[in-house]
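I am opening a notebook on this structure. The entries below record what I looked up.

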Amino acid sequence: MRNGASQFLLLRALSGRGDWEADPDVVRPATEAELLSAKVQAANAASRWGR
């Protein structure tokens with residue numbers, strides 16, 4: 001908790017570049033399409049860097 005009773009979620013991009021706070025009432029789980037897209041992006045990035 002921060003600032004007394006206010007709560008927040010700390011989100012981080014899959015790329016690891018930065019993070020941000022979000023109100024838990026407006027956050028939703030990623031869709032299957034969003035998860036697949038993120039996994040493809042991660043696999044493509046890894047292949048470009050030889051991982």
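I began with the terms for accessibility: buried means under 20% relative accessible area, exposed means over 50%, and partly exposed lies in between (1.4 Å probe, protein chains only). I note that this is a predicted model, in which local features need pLDDT of at least 70 and side-chain atom pairs count only at pLDDT 80 or more, while totals for chains, interfaces and linings use all residues. Residues are numbered from 1 along each chain as its sequence is written, and side-chain values use heavy atoms, with hydrogens and water left out.

Entry: salt bridges. I took a salt bridge as a side-chain nitrogen of Lys or Arg within 4 Å of a carboxyl oxygen of Asp or Glu. My search of the whole structure gave 1 salt bridge. Arginine 28 and glutamate 34 form a salt bridge, and their closest N and O atoms are 2.8 Å apart. Arginine 28 counts as exposed because its relative accessible area is 52%. Glutamate 34, at 34%, is partly exposed.

Entry: elements. I counted helices (H or I, at least four residues) and strands (E, at least two) as DSSP runs, numbered from the N terminus. The protein has 1 helix and 2 strands, in the order β-β-α from the N terminus on. Leucine 9 lies in strand β1, which covers residues 9-12. I list leucine 9 as partly exposed because its relative accessibility is 32%.

Entry: whole protein. Of its 51 residues, 4% count as buried. I used the Shrake-Rupley method with a 1.4 Å probe for accessible areas; for residues, only the protein chains shown count as cover. The protein exposes about 4700 Å², with 55% of it from carbon and sulfur atoms.
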